Structures are given as structure tokens and as C-alpha cells.
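Here's a quick briefing for anyone opening this structure for the first time.

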Amino acid sequence: MIIGHYAVAMAAKKIAPKTSLGTLIASAALLDLIWPFLLLLGVEQVVIAPGTTAFTPLDFTYYPWSHSLLASVIWGIVFGGVYYAITNYRAGAFVCAVLVPSHWVLDFVVHRPDLPLIPGSDARYGLGLWNSVALTLVVELFIFAIGVVLYAVATRPRDNIGSIGFIVFLVLTLGLYGAAVFGPPPPSVSAIAWTDMGQFLFVALAAFIDRHRHVVR
Ligand SMILES: [Zn+2]
């Protein structure tokens with residue numbers, strides 16, 4: 001799942017209005033920001049296997065350090081803790097700490113049973129929404145729309161970057177999603193890793209746009 005994580009981050013702006021949307025997205029997508037580094041280091045593994053689910057050609061064979069439930073909770077505590085140490089903003093730290101493992105819960109809905117609860121365990125979980133492209137699109141786009149509306153209602157543009165930039169951000173996000181869904185399978189694992197790192201640009205763009213919007217009181 002990609003844009004569903006962004007949706008939860010956008011929705012969270014209301015609860016932590018002083019936290020940048022960039023930070024909120026970094027939290028919700030953190031496991032996918034860690035994952036490409038572990039792939040390149042050979043610590044975690046993914047196999048390109050078209051047909052593994054209808055939605056994605058990726059078979060997530062081994063990713064306990066980025067994508068087990070326990071790891072996600074620990075990453076959340078670490079990320080929330082670092083954020084609190086830097087900002088002293090309790091609501092923001094709490095929201096970040098919760099957003100990180102929210103990633104696992106959303107992934108659990110769409111992945112086939114490939115998500116571990118703890119590193120070292122062979123048991124794998126996932127409800128497999130990805131077996132249907134149509135259902136996945138309906139559910140994920142619906143969640144995304146709710147997130148967009150909640151963020152758009154909670155904030156107001158200060159200037160054109162805040163208004164037009166936000167729309168550009170949404171279009172780019174949907175474009176990335178469309179490319180991932182309807183594009184050809186990636187040629188190699190390192191290509192997957194480098195493409196996934198593109199999400200850092202989305203974090204930066206979201207942080208930039210968020211500075212050009214103010215929170216509605
Ligand atoms: Zn993920």
C-alpha cells in the first residue's frame with residue numbers, strides 16, 4: 001500500500017496540527033523508507049514474481065526488520081521519541097509513534113499472508129486485498145480521498161504554493177501510485193529499492209507545501 005499510508009498521515013494533521021505533513025508522512029511510510037536500505041544491504045529480500053498477487057508483482061519473502069508488527073512498534077517508539085526530543089511537542093510525538101505501526105495494519109489488509117508478527121517467526125499474516133485490483137483501488141482511493149478532505153479542511157493555503165502546490169502533490173502521488181499499479185514489473189531488486197526511495201522526495205515536498213498552509217482554528 002502506498003497512498004493509503006499518505007491518507008492516514010494527512011488525516012492525522014488535525015490531531016497534531018503543529019507537526020509538519022512531511023513528518024506525518026515520514027511516520028506513516030517509515031517502514032517503506034527503511035525497507036529499501038535493508039534490501040540494498042541484502043538484509044531483507046523481495047522477489048519479482050508477476051502473479052504473486054493481482055495487484056503487485058512483488059513477493060515479499062523476507063522483511064522482518066522493516067515490516068514485522070513488533071519492529072513497527074519499536075520503530076514507532078524510536079521515531080516518536082526522537083521527534084519529542086527535538087520538538088518537545090507531545091501530541092505530535094504520540095501521533096508519529098502511532099502512525100508508524102499503522103503502516104503494518106494497513107499493509108496487513110492488502111498483503112497476502114507475508115507479514116510477520118516478530119522477527120524470527122515463520123508465521124505470516126495478511127488479508128490479501130491485493131488479490132483483487134478493483135477492490136484494492138476502490139478501498140485505497142477511498143481512504144486517500146478521506147485523508148485529502150480531512151487535511152484540506154484542517155488547513156488553509158497561505159499562498160499559491162499552499163493551494164496549487166498541494167494539488168500538484170496529490171497529482172504526483174496518484175501518478176506514482178498509478179505507475180506502481182499499471183506500470184511494467186521492475187527490472188531488478190535494486191530498481192525497486194531506488195524507486196521506493198523516491199518517497200523521500202514526497203516527504204520533502206509535503207513538508208514544503210505544509211509550510212505554505214496554516215491550520216484552521
Ligand atoms: Zn510497507
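Along the chain, the donors of the zinc ion follow the spacing D-x34-H-x35-H-x3-D. Donors here are N, O and S atoms within 2.8 Å of the metal (3.2 Å for Na, K and Ca), and water is not among the atoms, so sites may look incomplete. This is a predicted model, where local features need pLDDT of at least 70 and side-chain atom pairs count only at pLDDT 80 or more, while totals for chains, interfaces and linings use all residues. Residues are numbered from 1 along each chain as its sequence is written, and side-chain values use heavy atoms, with hydrogens and water left out.

**The zinc site**
- The protein donors are Asp32 (OD), His67 (NE2), His103 (NE2) and Asp107 (OD), and they lie 2.1 to 2.3 Å from the zinc ion.
- Angles among the 4 donor atoms run from 84 to 175°, and the site is irregular.
- Helices (H or I, at least four residues) and strands (E, at least two) are DSSP runs, numbered from the N terminus.
- Asp32 and Asp107 are both buried. Buried means under 20% relative accessible area, exposed over 50%, and partly exposed in between (1.4 Å probe, protein chains only).

**Around Asp59**
- Asp59 sits in strand S2 (residues 58-62) and counts as buried because its relative accessibility is 15%.
- Its side chain makes a polar contact with the side chain of Arg112 (2.7 Å). A polar contact is a pair of N or O atoms within 3.5 Å; within protein, one must be able to donate a hydrogen and the other to accept it, and residues adjacent in sequence count only if both atoms are side-chain atoms.

**Around Leu70**
- Leu70, in helix H5 (residues 69-87), counts as partly exposed because its relative accessibility is 40%.
- Leaving aside neighbours within four places in sequence, Leu70 is in contact (heavy atoms within 4.5 Å) with Leu117, Ile118 and Pro119.
- Leu70 and Pro119 are 49 residues apart in sequence, yet 7.7 Å apart in space, C-alpha to C-alpha.

**Helix H9**
- Ala191, Ile192, Ala193 and Asp196 are buried in helix H9 (residues 189-196).
- The buried residues of H9 pack against H3, strand S1 (45-48), S2 and helix H10 (199-210).

Definitions and conventions. Tetrahedral: all angles 85-135°; square planar, octahedral: opposite > 155°, others 65-115°.
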